[in-house]
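This report looks at helix packing and nonpolar cores in a predicted model. The sequence and structure are shown first.

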Amino acid sequence: MLLKDKVCVIAGAASLRSIGYATAELFVEHGAKVVVTDLMMDEQVLAGIRSSIESQLKRPVEIHGLRCDVSKADDCDQLVRQVLDLHGTIDCLVNSAGIVKSTPLLDIGAQELDLMFDVNLKGAFFLCQSVLRVFVERRAGTIVNVASLAAQRGGGLVGGPHYAASKGGMLSLTRSIAREFGPMGIRANAICPAMIDTPMLDGLPADRLSGIIDAIPLKRTGTRREAAGACLFLACELSGFVTGATLDVNGGTHIH
Ligand SMILES: NC(=O)c1ccc[n+]([C@@H]2O[C@H](COP(=O)([O-])OP(=O)(O)OC[C@H]3O[C@@H](n4cnc5c(N)ncnc54)[C@H](O)[C@@H]3O)[C@@H](O)[C@H]2O)c1
(Lines give C-alpha, C1' and ligand atoms only; values in the text may rest on other atoms or scores of the structure.)
Protein backbone atom coordinates (compact mmCIF):
# COMPACT_ATOMS: atom_id res chain seq x y z
CA MET A 1 0.00 0.00 0.00
CA LEU A 2 1.96 2.99 -1.26
CA LEU A 3 -0.75 5.64 -0.72
CA LYS A 4 -2.54 4.42 2.40
CA ASP A 5 -5.24 6.99 3.37
CA LYS A 6 -3.76 9.67 1.09
CA VAL A 7 -6.39 11.96 -0.41
CA CYS A 8 -5.74 12.01 -4.15
CA VAL A 9 -7.57 14.13 -6.72
CA ILE A 10 -7.37 12.69 -10.23
CA ALA A 11 -8.51 14.90 -13.09
CA GLY A 12 -9.47 13.52 -16.51
CA ALA A 13 -10.83 10.17 -15.36
CA ALA A 14 -14.33 9.93 -16.87
CA SER A 15 -13.57 7.27 -19.47
CA LEU A 16 -12.88 3.73 -18.28
CA ARG A 17 -10.24 3.66 -21.03
CA SER A 18 -8.39 6.77 -19.80
CA ILE A 19 -5.03 7.16 -18.07
CA GLY A 20 -6.94 9.04 -15.34
CA TYR A 21 -9.24 6.09 -14.67
CA ALA A 22 -6.33 3.59 -14.63
CA THR A 23 -4.57 5.88 -12.15
CA ALA A 24 -7.67 6.03 -9.95
CA GLU A 25 -7.92 2.23 -9.97
CA LEU A 26 -4.24 1.77 -9.09
CA PHE A 27 -4.35 4.46 -6.37
CA VAL A 28 -7.44 2.87 -4.76
CA GLU A 29 -5.60 -0.46 -4.89
CA HIS A 30 -2.79 1.25 -2.95
CA GLY A 31 -5.11 2.53 -0.22
CA ALA A 32 -5.73 6.09 -1.43
CA LYS A 33 -8.95 8.03 -0.85
CA VAL A 34 -9.60 8.97 -4.45
CA VAL A 35 -11.71 11.80 -5.85
CA VAL A 36 -12.07 11.60 -9.63
CA THR A 37 -12.99 14.70 -11.56
CA ASP A 38 -13.73 15.46 -15.19
CA LEU A 39 -15.76 17.75 -17.40
CA MET A 40 -17.90 14.69 -18.18
CA MET A 41 -18.36 13.51 -14.57
CA ASP A 42 -21.86 12.78 -13.33
CA GLU A 43 -23.57 10.19 -11.10
CA GLN A 44 -23.79 7.63 -13.89
CA VAL A 45 -20.14 8.01 -14.89
CA LEU A 46 -19.09 7.74 -11.25
CA ALA A 47 -21.22 4.61 -10.78
CA GLY A 48 -19.47 3.02 -13.77
CA ILE A 49 -16.05 3.91 -12.38
CA ARG A 50 -16.90 2.56 -8.93
CA SER A 51 -18.30 -0.70 -10.25
CA SER A 52 -15.32 -1.21 -12.57
CA ILE A 53 -12.83 -0.70 -9.72
CA GLU A 54 -14.86 -2.94 -7.42
CA SER A 55 -14.92 -5.72 -9.98
CA GLN A 56 -11.14 -5.40 -10.46
CA LEU A 57 -10.34 -5.32 -6.74
CA LYS A 58 -13.16 -7.71 -5.71
CA ARG A 59 -14.17 -5.55 -2.75
CA PRO A 60 -16.37 -2.50 -2.12
CA VAL A 61 -14.50 0.80 -2.54
CA GLU A 62 -15.15 4.37 -1.48
CA ILE A 63 -14.59 6.81 -4.33
CA HIS A 64 -16.06 10.23 -5.02
CA GLY A 65 -16.65 11.94 -8.35
CA LEU A 66 -17.01 15.67 -8.92
CA ARG A 67 -17.58 17.59 -12.14
CA CYS A 68 -15.01 20.26 -12.93
CA ASP A 69 -14.10 22.18 -16.07
CA VAL A 70 -10.39 22.67 -15.44
CA SER A 71 -10.29 25.60 -17.87
CA LYS A 72 -12.34 27.61 -15.37
CA ALA A 73 -10.53 28.89 -12.30
CA ASP A 74 -13.78 29.06 -10.28
CA ASP A 75 -14.53 25.41 -11.03
CA CYS A 76 -11.06 24.41 -9.79
CA ASP A 77 -11.47 26.42 -6.57
CA GLN A 78 -14.90 24.89 -6.03
CA LEU A 79 -13.52 21.39 -6.64
CA VAL A 80 -10.88 21.91 -3.97
CA ARG A 81 -13.49 23.23 -1.50
CA GLN A 82 -15.66 20.15 -2.16
CA VAL A 83 -12.73 17.77 -1.63
CA LEU A 84 -11.87 19.53 1.63
CA ASP A 85 -15.52 19.13 2.73
CA LEU A 86 -15.32 15.42 1.95
CA HIS A 87 -11.89 14.56 3.32
CA GLY A 88 -10.53 17.60 5.19
CA THR A 89 -7.27 17.66 3.24
CA ILE A 90 -5.58 16.92 -0.11
CA ASP A 91 -2.29 15.06 -0.41
CA CYS A 92 -1.91 14.61 -4.13
CA LEU A 93 -3.12 15.92 -7.48
CA VAL A 94 -2.79 13.98 -10.73
CA ASN A 95 -3.78 16.19 -13.63
CA SER A 96 -4.61 14.00 -16.60
CA ALA A 97 -7.38 16.16 -18.09
CA GLY A 98 -6.65 17.18 -21.64
CA ILE A 99 -7.72 17.41 -25.24
CA VAL A 100 -5.84 16.65 -28.44
CA LYS A 101 -6.11 17.79 -32.05
CA SER A 102 -3.77 17.13 -34.94
CA THR A 103 -4.51 20.23 -37.09
CA PRO A 104 -1.46 21.52 -39.04
CA LEU A 105 -0.15 24.88 -37.84
CA LEU A 106 -1.34 27.06 -40.72
CA ASP A 107 -4.90 25.73 -40.37
CA ILE A 108 -5.27 26.42 -36.65
CA GLY A 109 -7.75 29.22 -35.97
CA ALA A 110 -7.80 31.48 -32.92
CA GLN A 111 -10.76 29.64 -31.39
CA GLU A 112 -9.10 26.21 -31.65
CA LEU A 113 -5.86 27.62 -30.25
CA ASP A 114 -7.70 29.21 -27.32
CA LEU A 115 -9.51 25.96 -26.49
CA MET A 116 -6.26 23.95 -26.58
CA PHE A 117 -4.45 26.37 -24.28
CA ASP A 118 -7.50 26.91 -22.06
CA VAL A 119 -7.85 23.21 -21.27
CA ASN A 120 -4.32 21.83 -21.42
CA LEU A 121 -2.25 24.75 -20.13
CA LYS A 122 -4.52 27.15 -18.27
CA GLY A 123 -6.45 24.15 -16.93
CA ALA A 124 -3.26 22.70 -15.48
CA PHE A 125 -2.31 26.13 -14.11
CA PHE A 126 -5.69 26.74 -12.42
CA LEU A 127 -5.92 23.25 -10.96
CA CYS A 128 -2.37 23.42 -9.59
CA GLN A 129 -3.01 26.91 -8.22
CA SER A 130 -6.17 25.81 -6.38
CA VAL A 131 -4.52 22.72 -4.91
CA LEU A 132 -1.28 24.54 -4.03
CA ARG A 133 -3.19 26.90 -1.72
CA VAL A 134 -3.99 23.80 0.37
CA PHE A 135 -0.49 22.35 0.01
CA VAL A 136 1.14 25.59 1.18
CA GLU A 137 -0.91 25.56 4.40
CA ARG A 138 0.01 21.91 4.99
CA ARG A 139 3.61 22.38 3.84
CA ALA A 140 3.27 19.08 1.97
CA GLY A 141 1.73 17.67 -1.19
CA THR A 142 2.60 16.15 -4.56
CA ILE A 143 1.54 17.08 -8.07
CA VAL A 144 1.81 14.84 -11.11
CA ASN A 145 1.04 16.54 -14.41
CA VAL A 146 0.35 14.36 -17.42
CA ALA A 147 2.15 16.13 -20.28
CA SER A 148 3.17 14.39 -23.50
CA LEU A 149 6.01 13.25 -25.69
CA ALA A 150 4.67 15.91 -28.07
CA ALA A 151 6.17 18.54 -25.75
CA GLN A 152 9.64 17.02 -26.22
CA ARG A 153 9.74 16.15 -29.91
CA GLY A 154 7.54 18.84 -31.48
CA GLY A 155 4.22 17.03 -31.80
CA GLY A 156 3.88 14.80 -34.82
CA LEU A 157 2.40 11.54 -33.51
CA VAL A 158 -1.17 12.43 -32.57
CA GLY A 159 -1.10 16.06 -31.44
CA GLY A 160 -0.56 19.15 -33.56
CA PRO A 161 1.70 22.13 -32.78
CA HIS A 162 -0.83 23.78 -30.46
CA TYR A 163 -1.15 20.52 -28.49
CA ALA A 164 2.65 20.24 -28.31
CA ALA A 165 2.98 23.87 -27.20
CA SER A 166 0.31 23.44 -24.51
CA LYS A 167 2.11 20.38 -23.14
CA GLY A 168 5.47 22.14 -23.34
CA GLY A 169 3.96 24.90 -21.22
CA MET A 170 2.77 22.26 -18.79
CA LEU A 171 6.33 20.95 -18.41
CA SER A 172 7.63 24.48 -17.71
CA LEU A 173 4.82 25.06 -15.24
CA THR A 174 5.66 21.82 -13.44
CA ARG A 175 9.33 22.78 -13.13
CA SER A 176 8.42 26.28 -11.89
CA ILE A 177 6.15 24.81 -9.22
CA ALA A 178 8.90 22.40 -8.17
CA ARG A 179 11.37 25.28 -7.76
CA GLU A 180 9.01 27.74 -6.02
CA PHE A 181 7.32 25.28 -3.67
CA GLY A 182 10.14 22.81 -3.01
CA PRO A 183 11.24 24.74 0.11
CA MET A 184 7.75 24.03 1.52
CA GLY A 185 8.10 20.27 1.05
CA ILE A 186 5.84 20.27 -2.00
CA ARG A 187 6.88 18.20 -5.04
CA ALA A 188 5.78 18.57 -8.66
CA ASN A 189 6.69 16.23 -11.51
CA ALA A 190 5.42 15.40 -14.97
CA ILE A 191 5.08 12.29 -17.06
CA CYS A 192 5.44 12.36 -20.84
CA PRO A 193 3.45 9.46 -22.21
CA ALA A 194 3.22 8.44 -25.84
CA MET A 195 1.04 5.90 -27.63
CA ILE A 196 -0.89 4.75 -24.59
CA ASP A 197 -3.96 2.73 -25.53
CA THR A 198 -6.75 5.23 -24.71
CA PRO A 199 -9.53 7.00 -26.66
CA MET A 200 -6.88 9.49 -27.79
CA LEU A 201 -5.52 6.89 -30.21
CA ASP A 202 -8.97 5.99 -31.59
CA GLY A 203 -8.75 8.43 -34.49
CA LEU A 204 -5.50 7.00 -35.89
CA PRO A 205 -5.89 5.02 -39.14
CA ALA A 206 -4.68 1.40 -38.80
CA ASP A 207 -1.77 1.78 -41.25
CA ARG A 208 -0.55 4.93 -39.49
CA LEU A 209 -0.81 3.15 -36.12
CA SER A 210 1.21 0.14 -37.30
CA GLY A 211 3.84 2.48 -38.81
CA ILE A 212 4.21 4.29 -35.49
CA ILE A 213 4.38 1.03 -33.52
CA ASP A 214 7.12 -0.20 -35.84
CA ALA A 215 9.24 2.78 -34.78
CA ILE A 216 8.77 2.14 -31.04
CA PRO A 217 11.71 0.12 -29.63
CA LEU A 218 9.34 -1.92 -27.42
CA LYS A 219 7.21 -2.60 -30.55
CA ARG A 220 3.82 -2.04 -28.96
CA THR A 221 1.53 0.62 -27.54
CA GLY A 222 1.66 1.30 -23.80
CA THR A 223 -1.03 0.18 -21.40
CA ARG A 224 -3.01 2.59 -19.28
CA ARG A 225 -1.79 0.77 -16.21
CA GLU A 226 1.83 1.43 -17.24
CA ALA A 227 1.10 5.16 -17.41
CA ALA A 228 -0.71 4.92 -14.07
CA GLY A 229 2.32 3.15 -12.57
CA ALA A 230 4.52 6.13 -13.42
CA CYS A 231 1.98 8.44 -11.74
CA LEU A 232 1.95 6.19 -8.66
CA PHE A 233 5.74 6.33 -8.36
CA LEU A 234 5.76 10.14 -8.58
CA ALA A 235 2.80 10.49 -6.18
CA CYS A 236 4.19 8.32 -3.39
CA GLU A 237 7.17 8.46 -1.05
CA LEU A 238 9.27 6.17 -3.26
CA SER A 239 10.01 9.35 -5.23
CA GLY A 240 10.46 11.52 -2.14
CA PHE A 241 13.62 13.23 -3.46
CA VAL A 242 12.31 13.65 -7.03
CA THR A 243 10.89 17.01 -8.04
CA GLY A 244 10.82 19.02 -11.25
CA ALA A 245 11.42 15.79 -13.15
CA THR A 246 9.93 14.49 -16.37
CA LEU A 247 9.37 10.75 -16.57
CA ASP A 248 9.10 9.32 -20.09
CA VAL A 249 6.47 6.61 -20.61
CA ASN A 250 6.98 6.04 -24.31
CA GLY A 251 8.40 2.54 -24.94
CA GLY A 252 11.71 4.09 -25.97
CA THR A 253 10.23 6.22 -28.75
CA HIS A 254 12.25 9.22 -27.62
CA ILE A 255 15.51 8.33 -25.88
CA HIS A 256 17.44 11.44 -24.91
N1 LIG B 1 -3.05 8.36 -24.73
C2 LIG B 1 -1.85 8.78 -25.05
O3 LIG B 1 -1.08 8.10 -25.77
C4 LIG B 1 -1.33 10.08 -24.50
C5 LIG B 1 -0.04 10.50 -24.92
C6 LIG B 1 0.46 11.68 -24.43
C7 LIG B 1 -0.27 12.42 -23.52
N8 LIG B 1 -1.51 12.01 -23.14
C9 LIG B 1 -2.22 12.84 -22.19
O10 LIG B 1 -2.81 12.02 -21.21
C11 LIG B 1 -3.92 12.71 -20.65
C12 LIG B 1 -5.07 11.73 -20.55
O13 LIG B 1 -5.51 11.38 -21.85
P14 LIG B 1 -6.11 9.95 -22.20
O15 LIG B 1 -5.23 9.36 -23.22
O16 LIG B 1 -6.41 9.20 -20.96
O17 LIG B 1 -7.44 10.36 -23.00
P18 LIG B 1 -8.92 10.68 -22.48
O19 LIG B 1 -9.52 11.49 -23.59
O20 LIG B 1 -9.60 9.42 -22.09
O21 LIG B 1 -8.75 11.56 -21.16
C22 LIG B 1 -8.82 12.95 -21.12
C23 LIG B 1 -9.96 13.38 -20.21
O24 LIG B 1 -9.90 14.79 -20.00
C25 LIG B 1 -11.22 15.24 -19.91
N26 LIG B 1 -11.33 16.67 -20.18
C27 LIG B 1 -11.25 17.30 -21.37
N28 LIG B 1 -11.45 18.62 -21.21
C29 LIG B 1 -11.64 18.83 -19.89
C30 LIG B 1 -11.90 19.98 -19.11
N31 LIG B 1 -12.01 21.21 -19.67
N32 LIG B 1 -12.05 19.84 -17.77
C33 LIG B 1 -11.96 18.61 -17.20
N34 LIG B 1 -11.72 17.49 -17.89
C35 LIG B 1 -11.57 17.59 -19.22
C36 LIG B 1 -12.00 14.42 -20.93
O37 LIG B 1 -13.40 14.45 -20.68
C38 LIG B 1 -11.36 13.06 -20.77
O39 LIG B 1 -12.09 12.25 -19.87
C40 LIG B 1 -4.20 13.91 -21.57
O41 LIG B 1 -3.74 15.08 -20.94
C42 LIG B 1 -3.37 13.62 -22.79
O43 LIG B 1 -2.95 14.78 -23.43
C44 LIG B 1 -2.05 10.86 -23.62
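## Helix 1 and helix 2

A crossing is called left-handed if the near helix is turned anticlockwise from the far one by less than a right angle, and right-handed if clockwise. In this predicted model, helix 1 passes helix 2 in a crossing that is right-handed. Their axes come within 10 Å and cross at roughly 50°, which makes helix 1 oblique to helix 2.

On the side of helix 1 the contact involves Y21, A24, E25, V28 and E29, which meet I49, S52, I53, Q56 and L57 of helix 2. Sorted by class, the residues of this contact are six nonpolar, two polar and two charged.

## Helix 4 and helix 6

For helix 4 (residues 110–138) and helix 6 (residues 161–181), the axes come within 9 Å and cross at roughly 15°, so helix 4 is roughly parallel to helix 6. Here too the crossing is described as right-handed. Among the residues that make the contact are L113, F117, L121 and F125 of helix 4, together with Y163, M170, L173 and I177 of helix 6. The contact as a whole has 15 nonpolar, four polar and two charged residues.

## Nonpolar cores

The largest nonpolar core has 36 residues, of which F27, V34, V36 and I63 touch the most other members. Elements that each supply at least two residues of this core include strand 1 (7–11), helix 1 (19–29), strand 2 (33–38) and helix 8 (224–235). Apart from this core lies another, of 35 residues, with V70, V80, I143 and L171 among them.

Leaving aside neighbours within four places in sequence, F27 is in contact with residues including L3, I10, V34, V94 and L232.

Key: Residues are numbered from 1 along each chain as its sequence is written. This is a predicted model: local features need pLDDT of at least 70, side-chain atom pairs count only at pLDDT 80 or more; totals for chains, interfaces and linings use all residues. Side-chain values use heavy atoms; hydrogens and water are left out. Axes are lines fitted to C-alpha atoms, for helices over the stretch in contact, and angles run from 0 to 180 degrees between N-to-C directions. Helices (H or I, at least four residues) and strands (E, at least two) are DSSP runs, numbered from the N terminus. Angles under 35 degrees count as roughly parallel, over 145 as roughly antiparallel, 65 to 115 as roughly perpendicular and the rest as oblique. Contact means heavy atoms within 4.5 Å. Ala, Val, Leu, Ile, Met, Phe, Trp, Tyr, Cys and Pro count as nonpolar, Asp, Glu, Lys and Arg as charged, and the others, Gly among them, as polar. A nonpolar core is a set of buried Ala, Val, Leu, Ile, Met, Phe, Trp, Tyr and Cys residues joined through side-chain atoms within 4.5 Å. Buried means under 20% relative accessible area, exposed over 50%, partly exposed in between (1.4 Å probe, protein chains only).
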